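Keep the 3D view open as you read.

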Amino acid sequence: MTRVPRHVAIIMDGNGRWAKAQGKERTFGHQEGAERVHDIMTAAVNLGIEYLTLYTFSTENWNRPETEIAALMALLLKHLEEELFMKKNARFKVIGDIERLPKVVKEACLYLEERTSHNTGTCMVLALSYSSKWEITNAVQQIAEEVRKGIIQPSDISEETISSHLSTRFMPDPELMIRTGGEERLSNYLLWQCAYSEFYFTPTYWPDFREEDLCKAIVDYQSRQRRFGKTGDQVTEEETGSKQ
């Protein structure tokens, strides 16, 4: 497959509704959803995707019932398997307000980050206790403190300044954003980074999302012309020129 996006971000939606349709508890859907993470990460490695960012737990999710939150955290711990990443030469990163996570979960995430930091393959990024509004607010606070200390001047602040203070500064913005489960919104996810992402919405619930579904989304992405404010003719001329 050619023209594979370097960075694919996914909103893994529909676990609870999938479980309800099966006549089971929501936690059963989360368990099945966790299995799909392994499958899709393996597919990303095979496809040559450099970054795979998964919206795992939002800051708004802290408002869910305590029993469901506890089950989600236990499930997360169970599936942070170092061996899987080492076999795939994959890296692990976490973004979000991790100070809110249970200590054992936070420590497991940081340990896995360190253990896989020298791997050179696909980087799987979990967005945990994450929201874009939190991230941008945090970035603004950091920049304001640097202005207060005289490190930078207000007139020096640019788009690059903001991007460099976001938790995603170590990777490119996603070219492709996928949301499963039938909803068509970003739900406070990578709002700054998705300014020019291509969106792909599918009614398929996350527990039913497979490698072929990921490939279908990428093929759809490949059919689109990414113009970044230019005209289609300009992009075509540039592409034709680059091939000569």
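## Starting from Asp-39

Asp-39 is found in helix H2. A quick word on what you are looking at: this is a predicted model, where local features need pLDDT of at least 70, side-chain atom pairs count only at pLDDT 80 or more, and totals for chains, interfaces and linings use all residues. Residues are numbered from 1 along each chain as its sequence is written, and side-chain values use heavy atoms, with hydrogens and water left out. As for the labels, helices (H or I, at least four residues) and strands (E, at least two) are DSSP runs, numbered from the N terminus.

Back to Asp-39, which is partly exposed, with a relative accessible area of 35%. On that scale, buried means under 20% relative accessible area, exposed means over 50%, and partly exposed is in between (1.4 Å probe, protein chains only). What does Asp-39 form a salt bridge with? The partner is Arg-36, and the closest N and O atoms are 2.9 Å apart. A salt bridge here is a side-chain nitrogen of Lys or Arg within 4 Å of a carboxyl oxygen of Asp or Glu. Both Asp-39 and Arg-36 sit in helix H2, 3 residues apart, about one turn of the helix. Arg-36 counts as buried, at 9% relative accessibility.

Now look at how H2 packs against helix H8 (residues 211-222). The axes of H2 and H8 come within 9 Å and cross at roughly 50 degrees. That makes H2 oblique to H8. Axes are lines fitted to C-alpha atoms, for helices over the stretch in contact, and angles run from 0 to 180 degrees between N-to-C directions. Angles under 35 degrees count as roughly parallel, over 145 as roughly antiparallel, 65 to 115 as roughly perpendicular and the rest as oblique. Ile-40, Ala-43, Ala-44 and Leu-47 of H2 make the contact with Glu-211, Leu-214, Cys-215 and Ile-218 of H8, contact meaning heavy atoms within 4.5 Å. By class, that comes to 7 nonpolar, no polar and 1 charged residues. In this scheme Ala, Val, Leu, Ile, Met, Phe, Trp, Tyr, Cys and Pro count as nonpolar, Asp, Glu, Lys and Arg as charged, and the others, Gly among them, as polar.

The axes of H2 (residues 26-47) and H3 (residues 66-79) come within 10 Å and cross at roughly 25 degrees. That makes H2 roughly parallel to H3. On the H2 side you'll find Arg-26, Thr-27, His-30, Gln-31, Ala-34, Glu-35 and His-38, which meet Glu-68, Ala-71, Leu-72, Leu-75 and His-79 in H3. The class count for this contact is 4 nonpolar, 5 polar and 3 charged residues.

Two of those residues pair up: the side chains of Glu-68 and Arg-26 meet in a salt bridge (3.2 Å, N to O). Glu-68 lies in H3 and Arg-26 in H2, so the pair ties together parts that are 42 residues apart in sequence. Glu-68 is buried, with a relative accessible area of 9%, while Arg-26 is partly exposed at 37%.

Finally, a search of the whole structure finds 16 salt bridges. Among them is Asp-13 with Arg-17, at 3.1 Å between the closest N and O atoms. Asp-13, Arg-17 and Arg-179 are linked in a network of salt bridges.
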